[in-house]
Amino acid sequence: MTTVNPAPATPDRRKPSPPPPSAKPVRPRRANRDWVHGLLMSAPALGGLIAFVAVPFVYAVVLSFYNVRLGSPLPPRFFGIEQYRRIFTDPDMSGPFLRALLNNLTFAVVVVPLQTGLALALAILLNRKLKAIGVFRSLFFLPVVFPMALVAVIWRLILARSGDGLLNSALHAVSFGNWGAFDWLGDGLTAMASIIVLSVWQGVGFQMVILLAGLQQIPGELYEAAQLDRASRWQQFRNVTLPGIRGTLVFVAMLTSVLSFRVFDQVYVLVHGGGLDEDATRTVMYQAVTTAFDQNNIGQASAITVVFFLIVVVLTLIQRRVVRSGNED
Amino acid sequence: MTSTPLRRFFDYAVLSVLAFVFVLPVLYLVLGSFKPSDQVLSGLTGFLPTHMSFDNYRAVLNSFDSDATGYFWRFMGISLLVATVVVLGNLIVNSMAAYGLTRLRWRGQRAVFTLVLLLMLVPFEAVAVPLFYMLNDQRNTVYIQAVPFIANAFSIYQFATFFRAIPPSIEEAARIDGAGPWRTFFAIIVPMSKPVFASVAILTFLTQWGAFLWPVLMVSDPSVRPLPLEMSVFQGRMPVDWGQVLAFGVLLVLPVLIVFAFFQRWFVQGVASSAVKG
């Protein structure tokens, strides 16, 4: 930036020529004191971020190299990379963590395309100028405001193992009585599927709203031009809609993948009372919490936390790169 | 898009069917909360509005009446208090920081702002375990449920995005009139930034109201337990009284539904705009 006029807010001392008298008199004094005010204004938030994000984050890395337990009379003992060895390669101890990693990966691989696709379909359906479309938008967005603990409880009833469970009795009715009771949450094969369904139900409205905002930024003339060219609805979707929201779509997909590694609430609630198959549904965060809280193994839980963070960072970096390259096209 | 009446009818039909399927679980929750417990988990008849009464609500409000179980209004009070402190604290602290970091010029300001953007990458889940360890002697207090969530890097980012779009001439005018940075901020900038305050407030409230992970780690005493955690405890108590559990659930979601009903526009705008710009 080499523009001289108008003068930048920070006074440039290297410039020998005196500044134009009209604008300058107030500025130098003001700029000199601004740093005090700037710092004072930012201090509370910065203090909070340092105390509750930066410090514990560094501390997690440190703790992951120690064998440390709460309330233990022994001082923390340096452990090197033992905790990482234990959670990744130790044949006796790595089982639950590796299972959690695998479960979480399964969850992400299914949920990301499913939820993004469903959200896109809903957004396209709702991107019309129809009467009462606002009501429909609200209805699909409604589950987003439900606390996950409550969502888990509602679905605990729907998927209940008794023949009186909602899903079981619905299947019983449509199969003319051939469907018996099935334990959706307790069966290792369907437990994760159940978690996936209730998570998508709760979360899809969020992605839908973001995609809807993206769709509304596509100029209507593009569709009019496409219609003049007698493009079919599918062609319009392929050649106007998709390119128009590519960036938003990538963003939503990546956001969903980060969110899907943070899954915890629903698994915790349904394991504690819902009869959910714990081993089939434990996630990385669930594993971190049980290791810290139930096993009182802070060091190992910290190692899991660090792995969790690395996954999130890699996903975020991929997102930034893809979105940026998309914008350059 | 031009649409024929037939096409429009088809759209409505598809939307209605989808919306109905989507709302079924909510309907089930609300209906069940008014029914006797043995009528809730009873197959498809769970949807029939029979035997309706407020008994479950009365029971929820009255049956939590000892120190061992906690009191319903206490859970509600804790949740409301924590959410209020987090939302108000967040608005004040983070908007000020965003202003100080984007509209005032000082050395190192850029570096600090970049640091904030980096901290945005760290989700709370990544610091929950070490925080649990560091703050273990503060377990079972109310303030520890709120304080860690007041400073929020993402909120700073949302405020900063908005403040950056305000033309500098507005502040210049105030400054030339002799207003300092604080007065400029509180008297000029804040009143014209209502949209961003609204969307940050709503997003924060929504997240905070459902907060679960931190209370699981930090709260075991029923006297300081927030609603979502009690929801989990209540549904795990055998035998489950389904009618009461669902009534509890309705009471849990009611405050956020009320906020949603009144500020729906901001909800959706806040969610969408923050994401699209990001």
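Where is the place of Arg86(A)? Arg86(A) sits in helix H2 (residues 82-88) of chain A. Helices here are DSSP runs of H or I with at least four residues, strands are E runs of at least two, and both are numbered from the N terminus.

This is a predicted model, where local features need pLDDT of at least 70 and side-chain atom pairs count only at pLDDT 80 or more, while totals for chains, interfaces and linings use all residues. Residues are numbered from 1 along each chain as its sequence is written, and chains are lettered from A and ligands numbered from 1 in the order in which they are written.

**Back to Arg86(A)**

Arg86(A) counts as partly exposed because it has 18 C-beta neighbours inside 10 Å. The scale goes like this: 20 or more other C-beta atoms within 10 Å is buried, 12 or fewer is exposed, and in between is partly exposed, with C-beta atoms placed from the backbone. Skipping neighbours within four places in sequence, Arg86(A) is in contact with Met93(A), Ser94(A) and Gln300(A). Contact means that the C-beta atoms of two residues, placed from the backbone, lie within 7 Å.

Chain A has 14 helices and two strands, and buried residues make up 40% of its 329 residues. Its mean pLDDT is 84, with 88% of residues at 70 or more; pLDDT is the predictor's confidence in each residue, from 0 to 100.

| Element of chain A | Residues | Mean pLDDT |
|---|---|---|
| Strand S2, the lowest | 77-78 | 82 |
| Helix H11, the highest | 265-271 | 94 |

Watch out for residues 1-28 of chain A, where pLDDT stays under 50. Where pLDDT is low, the predicted coordinates should not be read in detail.

**Where the chains meet**

81 residues of chain B are in contact with 85 residues of chain A. On the chain B side, helix H1 (residues 5-33) gives the largest share, 11 residues.

H1(B) also meets helix H4 (residues 133-141) of chain A: their axes come within 9 Å and cross at roughly 30°. Axes are lines fitted to C-alpha atoms, for helices over the stretch in contact, and angles run from 0 to 180 degrees between N-to-C directions. That makes H4(A) roughly parallel to H1(B), a label for angles under 35 degrees. Phe136(A), Leu139(A) and Phe140(A) make the contact from H4(A), with Leu15(B), Ala19(B), Phe22(B) and Val23(B) from H1(B).

Definitions and conventions: Angles under 35 degrees count as roughly parallel, over 145 as roughly antiparallel, 65 to 115 as roughly perpendicular and the rest as oblique.
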